[in-house]
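This briefing goes through one protein model by topic, for a reader who wants the computed geometry and packing in one place. The sequence and coordinates come first, and the notes follow.

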Amino acid sequence: MGSELAEGGAKTGQIDDGIMTPELFVSLMNQFYHKGWMVGSSGGMAVEQDNLIYYSPSSVQKERLHGCDLFVFDNEKLTLIRRPDNPKIKESACTPLFNHVLNSVAGSHCVIHTHSKWANLITMLTNGREFVISHQEMIKGVFNPQSWKAYSYDDRLVIPIIENKPTEDQLLPALVDMLMDYKEAPAVLVRHHGLFVWGPTWEKTKIMTECLEHLFELSCEMIKHGIPLDSEHLSREGNVSVEK
């Protein structure tokens with residue numbers, strides 16, 4: 001049934017050609033809520049397409065979001081061309097973070113921010129300022145922003161971790177420094193908080209977010225069972241060597 005439309009208005013089977021609309025945006029927010037990424041009105045997204053940037057608002061339940069609740073900015077005219085019909089709806093505190101990523105990471109056109117349990121937990125199980133994992137199949141769904149090519153199964157994936165602040169806009173200085181230090185990272189974890197992921201399209205950013213969230217959940221289980229995450233603990237045959 002090639003003429004049927006999938007949820008959000010895109011034809012089934014299409015790859016990386018979904019035109020962003022307010023209806024598609026809120027459909028994605030609903031999906032992310034049901035994945036446990038944006039519960040309690042948390043999380044958000046910004047998508048840039050054809051000089052327009054769509055932003056999710058602050059403190060609105062993501063599964064109940066409507067197209068009229070979005071902020072839309074004209075990136076060419078540098079003008080806010082649409083704001084929510086409800087005057088009580090405010091801009092997200094993540095907006096400065098979204099803008100910095102979109103303006104400073106070449107080729108990035110989408111940023112997704114999640115508050116998932118696993119992204120939060122892995123920051124508490126990880127010492128230092130890096131989450132590192134290798135030799136996992138789902139690493140192949142993550143893209144290097146220096147080339148926007150996918151990582152390989154045996155690549156060492158490094159996701160930096162920054163410390164949380166009382167409000168999300170206060171994370172901006174740490175985010176700026178992180179982007180300078182980790183140019184090949186497509187995401188950042190915020191300790192006791194969640195995850196930011198960016199990519200060249202909303203589709204690829206969604207895929208990366210799904211893969212990273214899978215890796216975080218898997219890593220929490222691996223740590224619980226004493227299985228190392230990084231390739232430096234692998235034997236020559238490629239098997240995990242667990243210290244007893």
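The buried residues of helix α3 are covered by elements that include β6, β9 (156–162), β10, β11 and α5. Helix α3 itself runs over residues 117–125, and its buried residues are Trp-118, Ala-119, Asn-120, Ile-122 and Thr-123. The model is predicted. The protein has 5 helices and 11 strands, and 46% of its 244 residues are buried.

**Overall figures**

- The accessible surface of the protein is about 12400 Å², and carbon and sulfur atoms account for 50% of it.
- Of the contacts between residues at least 6 apart in sequence, 61% join residues at least 24 apart.

**Helix α1**

- Helix α1 covers residues 22–34, which is 13 residues.
- From first C-alpha to last, α1 reaches 19 Å, close to the 18 Å expected at 1.5 Å a residue.
- Pro-22, Leu-24, Phe-25, Val-26, Ser-27, Leu-28, Met-29 and Phe-32 are the buried residues of α1.
- The cover over these buried residues of α1 includes strands β1 (44–49), β2 (52–55), β4 (79–82) and β5 (110–114), together with helix α5 (202–224).
- Gly-40 sits in the loop between α1 and β1.
- With a relative accessibility of 66%, Gly-40 is exposed, because the cut-off for that class is over 50%.
- The C-alpha atoms of Gly-40 and Lys-62 are 8.1 Å apart in space, while the two residues are 22 apart in sequence.

**Helix α2**

- In helix α2 (residues 95–104), the buried residues are Thr-95, Leu-97, Phe-98, Val-101 and Leu-102.
- As background, an α-helix has 3.6 residues a turn, so residues three or four places apart point the same way.
- The buried residues of α2 pack against β1, β2, β5, α4 (172–181) and β11 (194–199).

**Nonpolar core**

- The largest nonpolar core contains 69 residues, and Phe-196 and Trp-198 have the most contacts inside it.
- Helix α5 gives the most to this core, with 8 residues.
- Which residues does Phe-196 contact, leaving aside its neighbours within four places in sequence? They are Cys-94, Leu-97, Phe-98, Val-111, Ile-112, His-113, Leu-171, Pro-186, Ala-187, Val-188 and Val-190.
- One of these contacts of Phe-196 is Ala-187, which is placed in strand β10 (residues 187–190).
- Ala-187 has 0% relative accessibility and is therefore buried, the limit being under 20%.
- Not counting residues up to four places away in sequence, Ala-187 touches Ile-159, Pro-160, Leu-195, Phe-196, Val-197, Trp-198 and Leu-212.
- Ala-187 and Met-208 are 21 residues apart along the chain, and their C-alpha atoms are separated by 9.0 Å.

**Aromatic pairs**

- The structure holds 3 aromatic pairs.
- In one of them, Phe-131 and Phe-216 have ring centres 5.1 Å apart and planes at 80 degrees, so this pair is edge-to-face. The threshold for that label is over 60 degrees.
- The pair links distant parts of the chain, since Phe-131 is in strand β6 (residues 130–134) and Phe-216 is in helix α5, 85 residues apart.

- Most residues other than glycine have a negative phi.
- Asn-51, which is not a glycine, has a positive phi of about 70 degrees.
- Asn-51 is in the loop between β1 and β2, and its relative accessible area of 37% makes this residue partly exposed.
- Leu-78, also not a glycine, has a positive phi of about 55 degrees.
- Leu-78 is in the loop between β3 (71–74) and β4, and its relative accessible area of 60% makes this residue exposed.

Methods: Residues numbered from 1 in each chain as written. Predicted model: local features only at pLDDT ≥ 70, side-chain atom pairs only at ≥ 80, totals over all residues. Heavy atoms only, no water. Helix = DSSP H or I, 4+ residues; strand = E, 2+ residues; numbered from the N terminus. Buried < 20%, exposed > 50% of the residue type's maximum accessible area, 1.4 Å probe, protein only. Contact = heavy atoms within 4.5 Å. Areas by Shrake-Rupley, 256 points an atom, 1.4 Å probe, with all protein chains shown as cover. Expected span 1.5 Å × (residues − 1). Phe/Tyr/Trp six-rings, centres within 6.5 Å; stacked < 30°, edge-to-face > 60°. Core = buried A, V, L, I, M, F, W, Y, C linked by side-chain atoms within 4.5 Å.
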